[in-house]
Amino acid sequence: MVETRFNVGMTCGGCANAVKRILGKIDGVESIETDVESKAVVVQHDPSVTPELMLEKLKKWGDASGKSVEMANYMQQQA
C-alpha cells in the first residue's frame with residue numbers, strides 16, 4: 001500500500017466531498033481522508049496508481065473551482 005498526501009484549497013464540506021468523489025473513481029484507490037481545516041488530503045492506494053494521475057485529476061477540479069492543489073508527499077509503505 002502507498003500513501004500520497006496533497007494540500008488542497010478546500011473551504012467547505014462540499015469541496016472535501018468533491019475531492020473524495022474524484023479520487024474515488026480511480027481504480028486502486030483504497031481510502032481517502034480529507035481535513036478541510038488543515039487543507040490536507042491523505043490517499044491510500046495501490047502502487048499501480050501514480051501520484052501524478054491523482055494530481056492531474058485534482059488539478060482539473062482545482063482549475064475549474066479556483067482551488068489550489070499540490071502534492072505534499074508520496075510514501076511507499078510495507079504491506
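**Note on the predicted model**

1. Apart from neighbours within four places in sequence, H45 is in contact (heavy atoms within 4.5 Å) with M1, V2, E3, T4, G28, V29, E30, M54 and Y74. H45 lies in strand 3; helices (H or I, at least four residues) and strands (E, at least two) are DSSP runs, numbered from the N terminus. H45 has a relative accessible area of 0% and is buried, where buried means under 20% relative accessible area, exposed over 50% and partly exposed in between (1.4 Å probe, protein chains only). The side chains of H45 and T4 are joined by a polar contact of 2.7 Å. Such a contact is a pair of N or O atoms within 3.5 Å; within protein, one must be able to donate a hydrogen and the other to accept it, and residues adjacent in sequence count only if both atoms are side-chain atoms.

2. On provenance: this is a predicted model, in which local features need pLDDT of at least 70 and side-chain atom pairs count only at pLDDT 80 or more, while totals for chains, interfaces and linings use all residues. Residues are numbered from 1 along each chain as its sequence is written, and side-chain values use heavy atoms, with hydrogens and water left out.

3. The protein has two helices and four strands, in the order β-α-β-β-α-β from the N terminus. Of its 79 residues, 38% are buried.

4. Leaving aside neighbours within four places in sequence, the contacts of V41 include F6, V8, V19, L23 and I32.

5. Helix 2 has 15 residues and spans 21 Å from first to last C-alpha, close to the 21 Å expected at 1.5 Å a residue; the expected span is 1.5 Å times one less than the number of residues. Its buried residues are P51, M54, L55, L58, W61 and G62. They lie on the same side of helix 2 because they cover an arc of only 130 degrees around the axis, taken from the directions from the helix axis to the C-beta atoms. On the face turned away from that buried side are the exposed residues E52, K60, D63 and A64. G66 follows helix 2 and has a positive phi, near 75 degrees.
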